[in-house]
Amino acid sequence: MAIESTKYDLSEALNPANERPSVGLIVLNTDFTFERDFVRMYAEQQPNYDFYFNRIHFANPMTPESLAAIGDDLTDASSGILPGYDLDLVVFNCTSSSSIVGDGAIENAIHESKPTAKVLSTSQAVVANFKERGFNKVSVLTPYSEEVSSLLRDYLQKNDVEIVSSMYMDMDDDRDVAMLPADEIINAAKAAIHDDADAIFISCTAMRSAEIIPDIEAAIGKPVLTSNQATFDQISKTIENLIANRVFQNSINH
């Protein structure tokens, strides 16, 4: 039996794809944790933007060299998020790598493919979170080697974060970091916190620390910042500012 096929004539133009602000999220291909943390916080807070993930290549172990090498692929990774379309914000989600690659290099690499996007990294978000919450002295807990941890500390100190103590776990595979049980993270935080610290920062987007922040704070009696929590907070603030600026510009233009 012959099937009659007819064309449907569209009567209206298509809606813009980006009616809401758009955020591109670059995540290590070995990271078990960032996406699940992000989606959970997004569902809880329901911010006013849409988000799109892409994975970037990383080869363990976590060394200064392997973490620095991620920067070479940032242009391609950002280009692969909605190719041919602009994004309002592109975020590179890796604390240790972003502190090693550096703010300027990350921004330049992403702007090669997304020239109009604002750029944020986890390490930038952490610094901003410290300052916004008024923490002057912090303890730092990392899963990395001392060599990698020292580079992160250098980045934080160059950005006016005063570190009063530092503890590292000497792990070399970020996939293993995601397998740390909650009790181990809490015990490490209790060992790492310094009496003089205003708060503790627990580093690494792969560590499942954001979901147990209340438990850690109850155990140490001080505020806790984590990589994924700080990044989510700064994404929301960046988008809020972007929307406010758009409203202001529209009011001027009209």
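User: Let's start with aspartate 170. Where is its place?
Analyst: Aspartate 170 sits in the loop between β6 and α8 (174-177). Helices (H or I, at least four residues) and strands (E, at least two) are DSSP runs, numbered from the N terminus.

User: Before we go on, what kind of model is this?
Analyst: It's a predicted model: local features need pLDDT of at least 70, side-chain atom pairs count only at pLDDT 80 or more, and totals for chains, interfaces and linings use all residues. Residues are numbered from 1 along each chain as its sequence is written, and side-chain values use heavy atoms, with hydrogens and water left out.

User: Ok, back to aspartate 170. What's its phi?
Analyst: Phi of aspartate 170 is near 60°, which is a positive value in a residue other than glycine.

User: And is aspartate 170 buried or exposed?
Analyst: Aspartate 170 counts as exposed, at 52% relative accessibility. Buried means under 20% relative accessible area, exposed means over 50%, and partly exposed is in between (1.4 Å probe, protein chains only).

User: What about the phi of aspartate 160?
Analyst: Aspartate 160 is not a glycine either, yet its phi is positive, about 70°. You'll find aspartate 160 in the loop between α7 (146-158) and β6 (162-168). Its relative accessible area is 66%, so aspartate 160 is exposed.

User: Which residues does the cis peptide bond join?
Analyst: Asparagine 60 and proline 61, with omega about 10°. Proline 61 is in the loop between β2 and α2 (64-69).

User: New topic, the open sheet. What's the order of its four strands?
Analyst: The order is β2-β1-β3-β4, with parallel pairing. Two strands pair if DSSP finds at least two bridges between them.

User: Which strands stand at the edges?
Analyst: β2 (50-56) and β4 (118-121) do. Each has a single partner strand, so one side of each is left without a neighbour in the sheet. From one strand to the next, the twist averages 20°.

User: How many bridges are there between β1 and β2?
Analyst: Seven, and β1 (residues 22-28) pairs with β2 in the parallel sense. Valine 23 stands opposite phenylalanine 51 in β2.

User: Which strands does helix α1 touch?
Analyst: Helix α1 (residues 34-45) packs on the sheet and touches β1, β2 and β3 (89-93). Contact means heavy atoms within 4.5 Å. The direction of α1 makes about 175° with that of β2. For those angles, axes are lines fitted to C-alpha atoms (for helices over the stretch in contact), and values run from 0 to 180 degrees between N-to-C directions.

User: And helix α6?
Analyst: Helix α6 (residues 122-132) also packs on the sheet, touching β3 and β4. Its direction makes about 80° with that of β4.

User: How many aromatic pairs does a search of the whole structure find?
Analyst: It finds 10. Rings of Phe, Tyr and Trp (its six-membered ring) pair if their centres lie within 6.5 Å; planes under 30 degrees apart count as stacked, over 60 as edge-to-face and the rest as tilted. One of the pairs is phenylalanine 34 with phenylalanine 53, edge-to-face at 6.5 Å centre to centre and 90° between the planes.

User: Which parts does that pair tie together?
Analyst: Phenylalanine 34 lies in helix α1 and phenylalanine 53 in strand β2, so the pair ties together parts that are 19 residues apart in sequence. Phenylalanine 34 is buried at 1% relative accessibility, while phenylalanine 53 is partly exposed at 28%.

User: What else does phenylalanine 53 form an aromatic pair with?
Analyst: Phenylalanine 51, again edge-to-face, at 5.5 Å centre to centre and 65° between the planes. Phenylalanine 51 is partly exposed, at 23% relative accessibility. One aromatic cluster is formed by Phe34, Phe38, Tyr42, Tyr49, Phe51, Phe53 and Phe232.
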